[in-house]
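Biologist: I am new to this structure. Please pick one part and take a close look at it with me.

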Amino acid sequence: MAKTMALAPRQLFKLLFRHYGPRRWWPAKTRFEVVVGAVLTQQTSWTSVEKAIKQLKKRKLLSPKKLASVRLPSLKPLIRCTGYYNQKAERLREVVRELEKRGGLEKFFNQPLEEARKELLSIRGIGPETADSILLYAGNNPVFVVDAYTFRLAERLPLENAPKKTKYEEMRAYFEQTFEKLPPKRRTKMFNELHALIVEHCKQVCRKKPLCRECFLKRKCKTCRPQSI
DNA sequence: AACCAGGAGAGAG
DNA sequence: CTCTCTCATGGT
């Protein structure tokens with residue numbers, strides 16, 4: 001009976017946090033690095049992005065000014081390891097240019113949240129997930145980031161009353177609503193951890209260490225089934 | 001050796 | 001609005 005019960009987002013957070021502990025995201029030193037990483041990590045593993053970031057640092061290109069004016073032939077080989085490097089080189093530079101045009105990140109986040117989101121989404125190379133990643137992890141705004149893992153988890157757990165796949169905005173609203181009574185600072189911290197926890201969990205259960213539903217819920221199960229969450 | 005990775009954009013219907 | 005294709009390298 002208990003194993004067919006749908007889970008609420010709060011419970012999900014509790015279980016994941018208890019199991020994995022704080023994630024300390026985003027793995028970057030500056031807000032600008034968050035932006036660069038957010039673009040490069042699209043459909044790509046983070047380890048590849050780390051290599052690319054390292055390369056950019058080595059070439060002293062990891063700054064708004066430099067990246068805004070770099071020539072594509074110089075940029076492409078450095079981020080080649082992240083895949084889609086032709087697109088990403090062009091789009092990454094464009095993203096940096098657009099943000100510089102608006103006076104830099106400091107000034108950019110000094111505006112209403114919805115305005116910032118709208119502007120981010122208007123830039124080529126920034127879709128909903130990347131925009132929200134930047135808003136949350138670079139701007140410390142109380143925004144929940146939805147990714148492919150989130151949809152998968154919501155469907156397979158399942159999460160109670162969760163929206164269907166492909167409905168990004170609905171899923172984001174679903175998570176944000178469940179914590180709406182908390183103060184903004186607290187929400188920011190929650191969303192920061194929850195998204196990172198979902199990523200960590202799915203990376204493990206979907207590839208390396210299969211963890212069945214029983215394990216997930218109770219952390220003690222002798223009959224792990226193949227269908228991991 | 002297939003399959004997936006912390007997506008996004010463009011085009012078709 | 002909802003599919004479907006494309007972009008591409010790197011790890012399991």
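**The surface near the DNA, and what lies behind it**

Modeller: Start with DNA strand C, which is surrounded by Gln43, Thr44, Ser48, Arg80, Cys81, Gly83, Tyr84, Tyr85, Asn86, Gln87 and Thr166. A residue is near a strand here if its C-beta atom, placed from the backbone, lies within 6 Å of it. This is a predicted model, in which local features need pLDDT of at least 70 and side-chain atom pairs count only at pLDDT 80 or more, while totals for chains, interfaces and linings use all residues. Residues are numbered from 1 along each chain as its sequence is written, and chains are lettered from A and ligands numbered from 1 in the order in which they are written.

Helix 6 (residues 85–101) gives the most to this surface near DNA strand C, with three residues. Helices (H or I, at least four residues) and strands (E, at least two) are DSSP runs, numbered from the N terminus. By type, the surface near DNA strand C holds three nonpolar, seven polar and one charged residue. Ala, Val, Leu, Ile, Met, Phe, Trp, Tyr, Cys and Pro count as nonpolar; Asp, Glu, Lys and Arg count as charged; the others, Gly among them, count as polar.

Thr47 belongs to helix 3 (residues 46–58). Thr47 is exposed because it has 9 other C-beta atoms within 10 Å. The cut-offs are 20 or more other C-beta atoms within 10 Å for buried, 12 or fewer for exposed, and partly exposed in between, with C-beta atoms placed from the backbone. Thr47 and Cys81 are 34 residues apart along the chain, yet their C-alpha atoms are separated by 9.6 Å.

Now turn to DNA strand B. It has 23 residues around it, and Gln42, Trp46, Gly127, Glu129 and Thr130 come nearest. Helix 9 (128–138) and helix 12 (184–208) are the elements that give two or more residues to this surface. Helix 9 has the largest share, four residues. The surface near DNA strand B divides into nine nonpolar, ten polar and four charged residues.

Ala131 lies in helix 9. Ala131 is buried because 21 other C-beta atoms lie within 10 Å. Leaving aside neighbours within four places in sequence, Ala131 is in contact with Arg117, Leu120, Leu121 and Ile126. Contact means C-beta atoms, placed from the backbone, within 7 Å. Val39 is 92 residues from Ala131 along the chain, and their C-alpha atoms are separated by 9.3 Å.

Ile134 has a part in the core. Of the 49 residues in the largest nonpolar core, Val35, Leu92 and Ile134 touch the most other members. Domain 1 (2–24 + 147–180 + 193–218) and domain 2 (31–138) both give residues to this core, so it lies between them. Such a core is a set of buried Ala, Val, Leu, Ile, Met, Phe, Trp, Tyr and Cys residues joined through C-beta atoms within 7 Å. Domain bounds come from an automatic or database domain assignment. Beyond four places in sequence, Ile134 is in contact with Val34, Val35, Ala38, Leu120 and Gly139.

Last, helix 5 (residues 72–79). Its Leu75, Leu78 and Ile79 are buried. Seen down the axis of helix 5, the buried residues fall within an arc of 85 degrees, so they line one face. That arc is of the directions from the helix axis to the C-beta atoms. These buried residues pack against helix 2 (31–40), helix 3 and helix 6. The face of helix 5 turned away from its buried side carries the exposed residues Pro73 and Pro77.

Technical notes
Two residues are in contact if their C-beta atoms, placed from the backbone, lie within 7 Å.
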